[in-house]
Amino acid sequence: RAAAGRGCSLLCFPPAGMYVGCFSDSGRDRTLKGAVFFDLRKMTVSHCQDACAERSYVYAGLEAGAECYCGNRLPVTSMGPEACNHECKGEKGSACGGVGRLSVYRVEELQPGSRKRRTVTYRGCFRLPENGTHAFPDSLVQANATVEACSGFCSQKEFPLAVLRGWECYCAYPTPQFSLRDAVDSSLCGQEPELQRLAEYCEVYQTPVQDTRCTDRRFLPTKSKVFVALSSFPGAGNTWARHLIEHATGFYTGSYYFDGTLYNKGFKGEKDHWRSRRTICVKTHESGRREIEMFDSAILLIRNPYRSLVAEFNRKCAGHLGYAADRNWKSKEWPDFVNSYAAWWSSHVLDWLRYGKRLLVVHYEELRHSLLPTLREMVAFLNVSVSEERLLCVENNKEGSFRRRGRRPHDPEPFTPEMRALIDGYIRTVDKALREHGGAGLPGEYVPR
């Protein structure tokens, strides 16, 4: 550790971990691209290190005072210390990169009080792809290879999958030939190692590191000629859809609003002006004629209003990842919310159907149940060409950072009969309007036909 006494400049070593140096960070070819998050107000070296340690990465890189990147390989181009001239937003006197420059630290261990290291997840037993072990980019063969040893080896090599066949360990990405869709009976992988090896079956584990084939994102290189909205009622999964679109296309999404929480989670387009045309599409919850006609086309995301209302009430009361308290549900706040927001759910869809110039209607439930086919439609609508490998990477990273965790602390549908009658009426109205617009109507699970 460097002393924090007199004469200590901006580039003193931080109290945790080891400072490695200042490096160039060249956009699409960046080596530290595992986990990414920003914090415009409170970024610190230890905060970034903990995030990287939790995901089993070796290096933590900080850029522009507020951005954190993780990886297991050092960037290629070393820079002079003066190039990393920003200090962390939440920690004076610390090296926190610069514009296109990374201050890189070696991660030592999780700091006290931080979350635990992420664990390995069993994905199932699978038959090896037709071309066998040649399909796997890296391997480790050792006597009695364990899940821990194989996962550790593949994590170090930055692969999201660790594959065990007998005593052989292979590292892999999901591919069209090895998509992890056709699991077989786990007992087929429970044989003696030699029999398992001959039978061509393998156990697959998800490592703590991220599939990085789809984490590189940037602003559009030239201003978009087509101004596209990603429109939804609040609570309909807009943030999750943005996560999927960004990772599938490699381009940032924008927003009609500025949400610092979303920016901190890696939505860099949140800070960009919504009319800049540097983003692939722009989030909006607006539904007035003027706000709709500003856009040339739109993806209209619709979710079951019962679910949307609960999600938005949770967000209003407890933020993006929290749950409203019992007192909120039992107060007059909840029925007042349902009365006003249920009508908005309906009018939002009706207005976009009426004034939208070119629409792709996407149902949240279809995106959840049939991710890749629905995402392919969305990407094609956005006129972006995407490889199948990149889409499989999105599927592997599908949840992002904005799913509420844990058991919800209340009845998931606290609706009275009067509320249901009101909402069901709006469902019928929207279903009819979608059919008249030439669509298939709402999914059956919404509709009290």
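Is Cys70 buried or exposed? Cys70 is buried, with a relative accessible area of 1%, where buried means under 20% relative accessible area, exposed over 50% and partly exposed in between (1.4 Å probe, protein chains only).

The legends describe a predicted model, in which local features need pLDDT of at least 70, side-chain atom pairs count only at pLDDT 80 or more, and totals for chains, interfaces and linings use all residues. Residues are numbered from 1 along each chain as its sequence is written, and side-chain values use heavy atoms, with hydrogens and water left out.

**View 1. The disulfide of Cys52 and Cys70.** The sulfur atoms of Cys52 and Cys70 lie 2.0 Å apart and form a disulfide (a pair of cysteine sulfur atoms within 2.5 Å). Cys52 belongs to helix α1 (residues 45–54) and Cys70 to strand β4 (residues 67–71), so the bond ties together parts that are 18 residues apart in sequence. Helices (H or I, at least four residues) and strands (E, at least two) are DSSP runs, numbered from the N terminus. The link of Cys52 and Cys70 is left-handed, with -80° about the S-S bond. Cys52 counts as buried, at 0% relative accessibility.

View 2. Strand β1 (residues 18–24) pairs with strand β8 (residues 101–106) in the antiparallel sense over six bridges; two strands pair if DSSP finds at least two bridges between them. The bridge partner of Gly21 in β8 is Val104. Strand β5 (residues 78–79) also runs antiparallel to β1, joined by two bridges, and Ser78 in β5 stands opposite Phe23. A disulfide joins Cys22 to Cys84, with 2.0 Å from S to S. This pair links distant parts of the chain, 62 residues apart: Cys22 is in strand β1, and Cys84 is in the loop between β5 and β6 (87–88).

**View 3. The disulfide of Cys154 and Cys171.** Cys154 and Cys171 form a disulfide with their sulfur atoms 2.1 Å apart. The torsion about their S-S bond is about -85°, so the disulfide is left-handed. Cys154 lies in helix α2 (residues 147–156) and Cys171 in strand β12 (residues 168–172), so parts that are 17 residues apart in sequence are tied together.

**View 4. The buried residues of helix α12.** In helix α12 (residues 388–396), the buried residues are Arg390, Leu391, Leu392, Cys393, Val394 and Asn396. Their cover includes β9 (121–127), β13 (201–206), α4 (238–249) and α11 (371–381), where contact means heavy atoms within 4.5 Å.
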